[in-house]
Amino acid sequence: LAQSAARQTRVGIPAMAPAMKRPAARMSRIGAAQEPVLKKPAAASGPSGHVKNLCSQIAGAIRASPEYPDEVKHMLANTLIGTLAEPKEKRHAIQDSVIDMVRQVMESLKAAAQSKLDEAETKLETVYRELAQGQKSIETAAATLEERIKTVDIAKSEHAKSTSARMAAKQALASAEQEQTTGNAGLAVAEEKKRRLETSLETIYGPIKSGEMPAAEAQDGIKKIEKLGKDLGFDASLLQTVPAAFAKAPSDRGSFDDLVMSQVEAEFKKHLATLTDEFANGEPAMKDRAAKVEAASNEHAQALAFEEAAKTAKEASRTEQKEAETEHKAMLKAQQQGASDMRTASAGVDAAKAELTELDEGALAAFGELLEFTEIPPPAPIPAQEEQDPAPATDAAALAADAATPADAADAASA
């Protein structure tokens, strides 16, 4: 019983008060006993409807408890009429033990409801913190996205500039190459004539003059000499003497033939000197033009590299912008889900509070009321004493006998 009384102090459920003796009838100033008001008539059989309703609330709570086996819950629910429905002053120690078992169930329901509320509030706090942190993350992601957009705009501008520079470099290269082609055109012709003349003197004129060229090749060589002389602008009368003089062997040539050979050779050397001087005089300008072409080509190659690098940077910035957009959208979506979770968590707290309130105001309140259920009426208020003559003792005794309650009479009869 000591353990039972200790357990009765938990979770706000009041402990059972010790049984009280029925108070004696109070006497008025004239000696008449006032009859106390009973909570139920002496003739009533069984608990009242209100008590049964309270027992029903408690039984429903017991049966809904998930902590205990069904057999235990069924047993306790069926004992309420025989335990809690009895006035506390009439309860046996065994009934008190059963009531203590009911108390344990009610305490577990209270603890479970409170735990559920605590968990719901903790979850709500967690969701709120996550929502606040998510909002900060969204702001950071938005700032990052804005910065990425600016970076893309800058990259686009740099790529456009590099493209313009590359096109200008390409145009400059084309102009330098055209200038080189035009400026070197005359020198190229002179260089080709010089090369051709030097080759002809070495491979054709020399062997024919010395007689070392085979007879089968001599006629072809003589034609090439005539063609070369014509291209170089030799005198026509001189060219007419070439076939006869050049066709003879050195031992068969006369003085006229030797004169023709020497005049042709002198003309070749004169034109060779002229072509050599022309090429030498134009070589510095040709080198300058070549240097311009090389410089323009390098600038064009550098412009191409810059344009490619700018293009790569632009594409990379676009990729980073898309990633930032994706991250920002994902955070917005997560924030929407967080707001939904917030509403759900808030609803969970409201539901847990409502469940705890319903338990407090329903089954727990019913248990507390039945725990203190008694048939002993509260003491009647004592009226104010007035200055009157005391009544005779015999009259007071008669009035007291008349005011005795049926319950007092039953007690007297049993005594």
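## Report on a predicted helical chain

About 230 Å³ of space lies in the second largest pocket. This structure is a predicted model, in which local features need pLDDT of at least 70 and side-chain atom pairs count only at pLDDT 80 or more, while totals for chains, interfaces and linings use all residues. Residues are numbered from 1 along each chain as its sequence is written, and side-chain values use heavy atoms, with hydrogens and water left out.

**The pocket**

Rolling a probe the size of a water molecule over the atoms shows where empty space is left. On a 1 Å grid over the protein atoms alone, a pocket is an open set of points where a 1.4 Å probe fits, with protein on both sides within 12 Å along at least five of seven lines; lining residues have an atom within 4 Å of a point. Grid points are joined across faces, edges and corners, and a volume is the space filled by probe spheres set on the points.

The second largest pocket is lined by Ala61, Ala64, Pro66, Leu109, Ala112, Ala113, Lys116, Glu355, Glu358 and Leu359. Two or more lining residues come from each of the elements α2 (49-64), α4 (93-210) and α7 (255-371). Of these, α4 gives the most, with four residues. The lining divides into seven nonpolar, no polar and three charged residues (nonpolar: Ala, Val, Leu, Ile, Met, Phe, Trp, Tyr, Cys and Pro; charged: Asp, Glu, Lys and Arg; polar: the others, Gly among them).

**The helices**

The chain has nine helices and zero strands (DSSP runs numbered from the N terminus: H or I of at least four residues for helices, E of at least two for strands). Of its 415 residues, 31% count as buried (buried is under 20% relative accessible area, exposed over 50%, partly exposed in between, with a 1.4 Å probe and protein chains only).

In α5, the 18 residues should span 26 Å at 1.5 Å a residue, and the end C-alpha atoms are 26 Å apart, which agrees (the expected span is 1.5 Å times one less than the number of residues). The buried residues of α5 are Ala218, Gly221, Ile222, Ile225, Leu228, Gly229 and Leu232. Seen down the axis of α5, these fall within an arc of 130°, so they line one face of the helix (the arc is that of the directions from the helix axis to the C-beta atoms). The face turned away from the buried side carries the exposed residues Ala216, Lys223 and Lys230.

**The aromatic pairs**

The count comes to three aromatic pairs (rings of Phe, Tyr and Trp, the last by its six-membered ring, pair if their centres lie within 6.5 Å; planes under 30 degrees apart are stacked, over 60 edge-to-face and the rest tilted). Two of the pairs are set out here.

| Pair | Centre to centre | Angle of planes | Type |
|---|---|---|---|
| Tyr205 and Phe268 | 6.1 Å | 80° | edge-to-face |
| Phe234 and Phe268 | 5.1 Å | 45° | tilted |

Tyr205 in helix α4 and Phe268 in helix α7 are 63 residues apart. Phe234, in the loop between α5 (215-232) and α6 (236-247), is 34 residues from Phe268. Tyr205 is buried, with a relative accessible area of 4%; Phe268 is buried at 0%, and Phe234 is buried at 8%. Ring pairs link Tyr205, Phe234, Phe246 and Phe268 into a cluster.

**An exposed lysine**

Lys322 is found in helix α7. Lys322 counts as exposed, because its relative accessibility is 57%. The C-alpha atoms of Lys322 and Leu145 are separated by 8.7 Å, although the two residues are 177 residues apart along the chain.
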